[in-house]
Amino acid sequence: MPVHLILFLLTCLSMTVALFFVFIFAPAEATMGEIQRIFYFHVASAWTAFLAFFIVFCCSIAYLAKKRRFWDFISLSAAETGVLFMTFVLITGPLWAKPVWNTYWSWDARLTTSLILWLIYIVYLMIRKYTEDRQQGARFAAVFGIVAFIQVPIVYMSIRWWRTLHPAPVLGNVEGGGMETNMIITLLVSVLAFTMLFLNLLFMRYRIAQVEAQLFYLRENAE
Amino acid sequence: MADIRHIIHLVSKDLLIELRSKEILLSMIIFSLTIILIFNFTYDIGIQAVQRHTPGLLWVAFIFAGTLGLNRSFMREYENGRMEGLLLCPVSRGSIYIAKLVGNVIFMMIIEMVSLPVMVVLLNLDIIKFIPMLFLLLVLGNIGFASVGTLFSAISLHTRSRELMLPIMLFPVTIPVILAAVKSTAFLLNAKPLAEIMPWVRILIGFDLIFTTLCSFLYKYVVED
Amino acid sequence: MIIVDKIEKYFGSQRVLRNLSFKISKGEHVSLLGSNGAGKTTLVKILATLLKPSNGSASIAGFDLLEKADKIRSCIGVVSHQSYLYQDLNAVENLRFYGKMFDVAKLDQRIDDVLQSVNLFHRRFDMVRIYSRGMLQRLLLARALLHRPPVLLLDEPLTGLDVSSRDMFNQFIENLKTHKVTLLSASHDIEHAIHQSDRVLILKDGSLVLDKLSLHITSQELKENLR
């Protein structure tokens with residue numbers, strides 16, 4: 001069986017299992033109630049987006065070192081998929097926050113960093129799009145991908161300090177701490193399912209990039 | 001050693017040209033003053049409130065004007081293919097980057113030295129006793145902003161949208177610098193103790209060190225095939 | 001002096017140079033001919049270390065193109081149709097800047113010498129902004145020769161020059177022969193290229209289709225390969 005089919009079937013399977021865990025297995029949260037179940041999708045997409053951006057970082061280094069097209073295709077695919085998942089994070093975040101905190105948005109470190117990351121990787125995709133020469137675009141994107149990723153922890157830290165020094169309303173600590181065992185299990189299953197989904201999308205996008213390059217080659221040589 | 005000598009000559013060449021044309025500095029200064037003016041209108045507030053917003057206002061003006069300068073400084077090299085002439089020299093690419101960075105920081109310092117006194121008068125600020133520390137913050141902030149900015153301006157010049165690309169690449173990535181610069185300036189002007197300012201100064205120094213090193217290394221991948 | 005071994009260059013999936021190999025010995029003057037888009041400029045840029053070959057290797061003055069790019073940069077002079085000069089600096093300042101970059105010894109004396117040799121000494125304190133095209137091209141030549149490079153690479157240096165400037169430029173190149181300077185010159189001007197150089201290379205669609213001493217070239221060969 002080809003790899004992409006196995007990947008696809010595994011994704012379907014793990015997604016189904018995850019749905020079962022999220023809606024049936026996991027208990028409703030004591031104070032937030034049913035709405036808290038969005039948390040499993042929210043955190044899982046956030047994890048996936050970070051994974052994607054980390055892959056962009058690693059493949060950018062590999063591309064600059066080796067100048068092999070493969071690395072460029074993977075970083076492009078990971079960046080696009082990462083932006084998709086980060087969009088999902090930014091949609092589920094406010095949806096969850098409104099009923100619970102009675103506000104769509106709070107400028108806390110995690111949320112703000114997510115927004116900044118989303119912006120940064122959209123710019124990453126723009127650099128590729130707006131550079132005429134494909135190889136040059138790949139080099140530029142790789143350089144940008146490295147700089148962008150290295151500043152992620154610094155952004156996170158500085159925003160956190162910025163908030164803590166200006167005491168913000170306490171919004172309640174959701175992650176870690178007082179979570180029930182069943183919730184943790186559900187979260188892990190959900191993260192696994194989203195990772196599978198991500199790998200699946202990454203692989204599909206990579207194939208598209210390959211086909212695009214072939215098409216480009218054929219067109220150019222047909223003239 | 002040879003690198004340092006090359007950097008000095010590269011920087012003095014840029015300064016000499018700017019001294020003759022005054023094109024970059026003049027537009028940067030006017031721009032930063034215009035921003036102050038616009039802020040004053042859009043906020044339409046008394047002196048009291050302006051003082052509260054001063055640190056943010058100062059840095060917005062400096063950073064926007066700085067972006068203008070960043071865009072121009074490499075543009076000058078690319079007109080008439082001069083960059084090619086520069087790349088033909090047996091000079092390390094890192095030195096070319098550092099020289100441009102130093103030039104950009106000097107430009108930013110100059111506009112700040114000119115527009116600060118004007119702001120002091122217009123906004124009725126009281127900064128005399130903070131000058132040494134403020135100078136330090138400006139230097140650190142400028143280096144952090146220009147370190148990434150110099151690298152990115154070399155990239156943005158080759159994109160289809162040119163100058164448009166630089167701010168959208170640069171601003172999200174330099175948020176830590178902007179945050180730290182504004183925060184530390186605010187604490188300084190509000191006469192907060194040094195212990196509260198230092199964490200932000202440390203962020204600035206850390207950012208400067210990391211990104212100057214990283215970008216001077218990455219620069220060769222931007223200009224070379 | 002220049003050894004090119006199986007060089008290929010791709011731009012994306014497009015192959016601009018195909019399996020090029022040739023040698024140029026010390027003091028030889030070689031012309032590189034070919035129609036537009038044949039790959040002349042790309043080849044010159046690769047030898048000038050501005051582009052990297054996709055495959056193959058090359059060396060200049062015994063230095064490998066990829067590993068010792070810095071060493072190669074100090075032993076080549078390049079003149080193209082691009083102006084590398086700064087408009088707001090005068091001729092001396094421009095040359096002084098580049099001279100410092102190349103670590104030229106006794107720079108001031110050397111600048112006076114090259115300016116005299118390209119006949120620009122009397123205009124040395126004029127801003128480059130007001131130079132005519134011909135003067136600019138001579139100043140570029142002075143810039144390229146400032147660090148006494150044993151190899152000179154020219155890429156269509158005569159584009160946009162009037163006849164008298166052309167003659168002056170060519171006369172100067174002719175004189176370089178006595179100094180044993182190796183020369184590779186990409187050009188459009190077939191007649192002149194054959195007349196002035198020892199050997200001619202012709203590129204067609206990125207391949208080397210002719211490599212012959214100028215004396216032995218027939219007009220039939222030229223017609224076939226240049227179209």
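**Asp103(C) is a partly exposed residue of chain C.** The relative accessible area of Asp103(C) is 40%. Buried means under 20% relative accessible area, exposed means over 50%, and partly exposed lies in between (1.4 Å probe, protein chains only). This is a predicted model, in which local features need pLDDT of at least 70, side-chain atom pairs count only at pLDDT 80 or more, and totals for chains, interfaces and linings use all residues; side-chain values use heavy atoms, with hydrogens and water left out. Residues are numbered from 1 along each chain as its sequence is written, while chains are lettered from A and ligands numbered from 1 in the order in which they are written. Asp103(C) sits in the loop between α3 and α4 (107-117) of chain C. Helices (H or I, at least four residues) and strands (E, at least two) are DSSP runs, numbered from the N terminus. Look at the backbone here: phi of Asp103(C) is positive, about 50°, although Asp103(C) is not a glycine.

Find Asp205(C) in the loop between β9 (199-204) and β10 (207-213) of chain C. Asp205(C) has a positive phi of about 50° and is not a glycine.

**Helix α1 of chain B meets helix α3 of chain C.** Axes are lines fitted to C-alpha atoms, for helices over the stretch in contact, and angles run from 0 to 180 degrees between N-to-C directions. α1(B) and α3(C) are therefore roughly antiparallel. Angles under 35 degrees count as roughly parallel, over 145 as roughly antiparallel, 65 to 115 as roughly perpendicular and the rest as oblique. The crossing of α1(B) past α3(C) is left-handed: the near helix is turned anticlockwise from the far one by less than a right angle, whereas clockwise would be right-handed. On the α1(B) side, the contact is made by His6(B), His9(B), Leu10(B), Lys13(B), Leu16(B) and Arg20(B). Glu93(C), Phe97(C), Lys100(C) and Met101(C) come from α3(C). Contact means heavy atoms within 4.5 Å. The residues of this contact divide into four nonpolar, two polar and four charged. Ala, Val, Leu, Ile, Met, Phe, Trp, Tyr, Cys and Pro count as nonpolar, Asp, Glu, Lys and Arg as charged, and the others, Gly among them, as polar.

**Helices α8 and α9 of chain B cross within 9 Å.** α8(B) spans residues 175-189, and α9(B) spans residues 194-223. Their axes cross at roughly 150°. α8(B) and α9(B) are therefore roughly antiparallel to each other. α8(B) passes α9(B) in a left-handed crossing. The α8(B) residues in the contact include Pro176(B), Ala180(B), Lys183(B) and Phe187(B). Those of α9(B) include Glu196(B), Trp200(B), Leu204(B) and Phe207(B). By type, the contact of α8(B) with α9(B) holds eleven nonpolar residues, one polar and two charged.

**Phe144(A) is among the residues that touch the most other members of the largest nonpolar core.** A nonpolar core is a set of buried Ala, Val, Leu, Ile, Met, Phe, Trp, Tyr and Cys residues joined through side-chain atoms within 4.5 Å. This core has 211 residues. Helix α2 (residues 38-66) of chain A gives the most to this core, with 17 residues. Phe144(A) touches Ile120(A), Val123(A), Tyr124(A) and Ile127(A) of chain A, and Phe152(B), Met169(B) and Val173(B) of chain B, not counting residues up to four places away in sequence. Another core, of nine residues, lies apart; among them are Leu33(C), Val200(C), Ile202(C) and Ile217(C). In soluble globular proteins, nonpolar side chains tend to be buried together.

**Phe171(B) lies in helix α7 (residues 165-173) of chain B.** At 23% relative accessibility, Phe171(B) counts as partly exposed. Leaving aside neighbours within four places in sequence, Phe171(B) contacts Ile63(B), Phe64(B), Thr67(B), Phe145(B) and Ile178(B). Phe145(B) is 26 residues away along the chain, with the two C-alpha atoms separated by 8.9 Å.

**Ile91(A) lies in helix α3 (residues 69-101) of chain A.** Ile91(A) is partly exposed, at 47% relative accessibility. Ser77(A) is 14 residues away in sequence and 22 Å away in space, C-alpha to C-alpha. Chain A has six helices and zero strands. Of its 223 residues, 48% count as buried.
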